[in-house]
4 protein chains.
Amino acid sequence: MIPDDEFIQTKNVPGPTKEEVRCLVMCKANISSQDTVVDVGCGSGGLTLESAQRALNVIAFDKNPEAIDLTRKNLEKHGLTSKVQLLEGDALQVLEGINSFDVILVGGSSGDLPLIIKQGYEKLKENGRIVITSILLETRVEAVNAIKNIGLVPDVIEVTIAKGKITERGTMMMGRNPITIISAVKV
Amino acid sequence: MIPDDEFIQTKNVPGPTKEEVRCLVMCKANISSQDTVVDVGCGSGGLTLESAQRALNVIAFDKNPEAIDLTRKNLEKHGLTSKVQLLEGDALQVLEGINSFDVILVGGSSGDLPLIIKQGYEKLKENGRIVITSILLETRVEAVNAIKNIGLVPDVIEVTIAKGKITERGTMMMGRNPITIISAVKV
Amino acid sequence: MIPDDEFIQTKNVPGPTKEEVRCLVMCKANISSQDTVVDVGCGSGGLTLESAQRALNVIAFDKNPEAIDLTRKNLEKHGLTSKVQLLEGDALQVLEGINSFDVILVGGSSGDLPLIIKQGYEKLKENGRIVITSILLETRVEAVNAIKNIGLVPDVIEVTIAKGKITERGTMMMGRNPITIISAVKV
Amino acid sequence: MIPDDEFIQTKNVPGPTKEEVRCLVMCKANISSQDTVVDVGCGSGGLTLESAQRALNVIAFDKNPEAIDLTRKNLEKHGLTSKVQLLEGDALQVLEGINSFDVILVGGSSGDLPLIIKQGYEKLKENGRIVITSILLETRVEAVNAIKNIGLVPDVIEVTIAKGKITERGTMMMGRNPITIISAVKV
Ligand SMILES: Nc1ncnc2c1ncn2[C@@H]1O[C@H](CSCC[C@H](N)C(=O)O)[C@@H](O)[C@H]1O
Ligand SMILES: Nc1ncnc2c1ncn2[C@@H]1O[C@H](CSCC[C@H](N)C(=O)O)[C@@H](O)[C@H]1O
Ligand SMILES: Nc1ncnc2c1ncn2[C@@H]1O[C@H](CSCC[C@H](N)C(=O)O)[C@@H](O)[C@H]1O
Ligand SMILES: Nc1ncnc2c1ncn2[C@@H]1O[C@H](CSCC[C@H](N)C(=O)O)[C@@H](O)[C@H]1O
């Protein structure tokens, strides 16, 4: 995994998703070198870069132009631009114009999560994976319900990571925000 | 419990222990209105104030004079000074001069934890409680071993609290550092 | 707190709420010796007994008659029957017949949580406390929304406790189910 | 990742390490198709199988013959036997007879952790990875100290996963034991 501190960060753009959460999202997404991945709400590019290292190609978008800029900078820093198409725009509109894909990652939704999941699912290939990361109580439930509505059984994990900070006094355990990862495989 | 934001805080003094952890420490300490409580490493006074609301009297000390000042200010703010004796000094030295007590809380130890537990235990009355809070991997094990060494079975809980922040977008779950509480009852 | 293993348990009734969660619920409920407490969904009596130790009186009910039986047995075992009125029935119906109270604890709701909170809130005295414990993703959000709807700001904590099991090999950390506690004070 | 329920399990052998923890161990181990991996204490084969899917070859051993049997059965079930050498024996003795390797995973140590780390480190190639999983308070500290002693800075994460169980009433969050993963890269 790319270390957290090797991402360029800016104040106005959330992310990158922490290393350990990126790791778990990648496991759930199960990306192969033949896969096309869509990253909805790419933010700082945390999941875009990890996907680019594994997939055939990646389509990443965000409604915030600063996020697009930042993701581009991070792709350039790690030499991963060639595989990634970056688009500025709102999830539902951009998804409209995209063909089928193998994996859809949803990191941001601004209230449109049920529709994003529905629309994303329609364009998902058979055996394709949908993986949603959520930090809000409310979106967890929206994600679970939306996946049930399309007839799948959601895999739900809540992940709490504490990271050891090595100090002179000892190993201080520093908490992180818990993240919920909701995922499903299209059958 | 006293809300976290009703404590005066300063940069150089750790604490106060968060509301939920103070709550759990108080449950393990099981303080009655006849009890004398010793608070080792009082810091911002988080546990000193909670103890003062429940005990007959409290002896609190810290090796850092700024912590003593801050604890005094917090006691004054909440009208709890009368029950509390504040002493500046190192745990082992101060403990030497104290008579028996019903509860000993250990929030700071600077490497002396095994000795503090041993010495504290000797002065603890029968059925007295010892409660250690730890944020370091290493002190957890020191505390468990020291309690085993005095012939007791430690109660060990690791507590991870995430707190909901109500925002326009929803309830954002904010992580906190995990805390380990090690306790025992003198038999 | 009453140790977990001092509760009689049966297969068909959930609970008791674990010691550490009972402790946190009691802190949020802030019960005084003048208070009337209502316990909705008393289950094994975990919260009923803790409330009985602190309140003036407790009204506890459950729609499952086995829960009423079990709570009675646990109250008898701990000599706490005198303060507690036990009622079999569904939350909404029983609440109808109750006068005002200082604290309402909600441990079970079977889909009626929003209505229970609304109805409970109406009968809650000024400065009264409402405390909901939830193990389901969905009820957490229902509780937060219902509390917002009555014009209060919910306090939301997610609690994850691991308990140390002392073995010959060392201290094995045993996980527990995370519990979310949603609470509010009537203003 | 291989789903948890696709492993054969037996009563006398611990494991398999849960899917999400295997995922994180694999990220920290960063196994490439040219790597030789050593799995100390293979148990049910949880990490052996994951390594076999990624590495050039794997040497897995356990002091418990039942663990060797079980790991063999799990390798056969998933068609992964060809890459794996299985050895029964105690960690320190078996390590003695092994040449250099790229990754060492330590899942069991029976008190020998500091020596296993020391001896494993000596045989680790440059840029090789050492990854220890621990469920005991004590081994976490042993692992951190042993890695400091060989002059490296340990990466320490404590992982708490709750898994959603989809029920008629809603998504019940089921806790798991917290696991600590301590790792380092040889420089
Ligand atoms: N409806 C929508 N359409 C497109 N982008 C959206 C969106 N709602 C939210 N977003 C974007 O989603 C992002 C969520 S933060 C994502 C972080 C990212 N996974 C990383 O690892 O760096 C934000 O940048 C936000 O602008
Ligand atoms: N050996 C020792 N003797 C006295 N105080 C000590 C000590 N080692 C550490 N301390 C003190 O222990 C404190 C730990 S922080 C304690 C926070 C406190 N429980 C609160 O809720 O506010 C620090 O202020 C530190 O100065
Ligand atoms: N609508 C409703 N009315 C009354 N009881 C209800 C209810 N919905 C669920 N319950 C009850 O709520 C209980 C939840 S389990 C409660 C455990 C309890 N707090 C303890 O510590 O022991 C169950 O016994 C269930 O029968
Ligand atoms: N000193 C030692 N040498 C070899 N094996 C050891 C050992 N100490 C403990 N073990 C083994 O370590 C194992 C730990 S359980 C390992 C689980 C495994 N990672 C999985 O995912 O399936 C046990 O099977 C135990 O027999």
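Trainee: How many salt bridges are there between chain A and chain D?

Mentor: The count is six. A salt bridge here is a side-chain nitrogen of Lys or Arg within 4 Å of a carboxyl oxygen of Asp or Glu.

Trainee: Which residue of chain A does D:Glu19 pair with?

Mentor: D:Glu19 forms a salt bridge with A:Lys28, and their closest N and O atoms are 3.1 Å apart.

Trainee: What sort of model is this, and what do the values rest on?

Mentor: This is a predicted model, in which local features need pLDDT of at least 70 and side-chain atom pairs count only at pLDDT 80 or more, while totals for chains, interfaces and linings use all residues; side-chain values use heavy atoms, with hydrogens and water left out. Residues are numbered from 1 along each chain as its sequence is written, and chains are lettered from A and ligands numbered from 1 in the order in which they are written.

Trainee: Back to chain A and chain D: how many residues are in contact?

Mentor: On chain A 24 residues are in contact with 24 residues of chain D, where contact means heavy atoms within 4.5 Å. The two chains bury about 2,000 Å² between them, 62% of it on carbon and sulfur atoms. Buried area is the accessible area (1.4 Å probe) that two parts lose on being put together, summed over both.

Trainee: Which residues of chain A lose the most area to chain D?

Mentor: A:Val156, A:Glu158 and A:Ile166 do, and together they make up 22% of what the chain A side buries.

Trainee: And how many residue pairs are in polar contact across that interface?

Mentor: Eleven residue pairs, with both residues at pLDDT 80 or more. A polar contact is a pair of N or O atoms within 3.5 Å; within protein, one must be able to donate a hydrogen and the other to accept it, and residues adjacent in sequence count only if both atoms are side-chain atoms.

Trainee: What rotation superposes chain A on chain D?

Mentor: A rotation of 180° with 0.0 Å of shift along its axis, at an RMSD of 0.0 Å. The two copies are therefore related as by a two-fold rotation axis. The same surface serves both copies, with 100% of the contact residues of chain A recurring in chain D. The superposition is by least squares on the C-alpha atoms of residues with pLDDT of at least 70 in both copies.

Trainee: Which residue of chain A comes closest to the rotation axis?

Mentor: A:Thr160, whose C-alpha is at 2.5 Å.

Trainee: How much area do chain D and chain C bury?

Mentor: They bury about 1,400 Å² between them, with 62% of it on carbon and sulfur atoms. In chain D, the residues that lose the most area to chain C are D:Leu136, D:Thr171 and D:Met173, together 33% of what that side buries.

Trainee: Changing topic: which residues are closest to ligand 1?

Mentor: A:Thr17, A:Ser44, A:Asp62, A:Ala91 and A:Ser110 are the closest of the 21 residues that surround ligand 1; a residue is near if one of its heavy atoms lies within 4 Å.

Trainee: How does the shell around ligand 1 divide by class?

Mentor: Into five nonpolar, 13 polar and three charged residues. Ala, Val, Leu, Ile, Met, Phe, Trp, Tyr, Cys and Pro count as nonpolar, Asp, Glu, Lys and Arg as charged, and the others, Gly among them, as polar.

Trainee: What does A:Ser44 do there, in terms of atoms?

Mentor: A backbone N or O atom of A:Ser44 lies 3.0 Å from an oxygen atom of ligand 1. A polar backbone atom of A:Gly46 is 3.1 Å from an oxygen atom of ligand 1. In the side chain of A:Ser110, an N or O atom is 2.4 Å from a nitrogen atom of ligand 1. The protein covers 90% of the 590 Å² of accessible area that ligand 1 has on its own, by the Shrake-Rupley method with a 1.4 Å probe; for residues, only the protein chains shown count as cover.

Trainee: And ligand 2: which backbone comes 2.8 Å from a nitrogen atom of it?

Mentor: A polar backbone atom of B:Ala91 is at that distance from a nitrogen atom of ligand 2. A backbone N or O atom of B:Lys63 lies 3.1 Å from a nitrogen atom of ligand 2.

Trainee: Last one, ligand 3. Where does C:Ser110 sit?

Mentor: A polar side-chain atom of C:Ser110 lies 2.4 Å from a nitrogen atom of ligand 3. Taken alone, ligand 3 exposes 580 Å², and the protein buries 91% of that.
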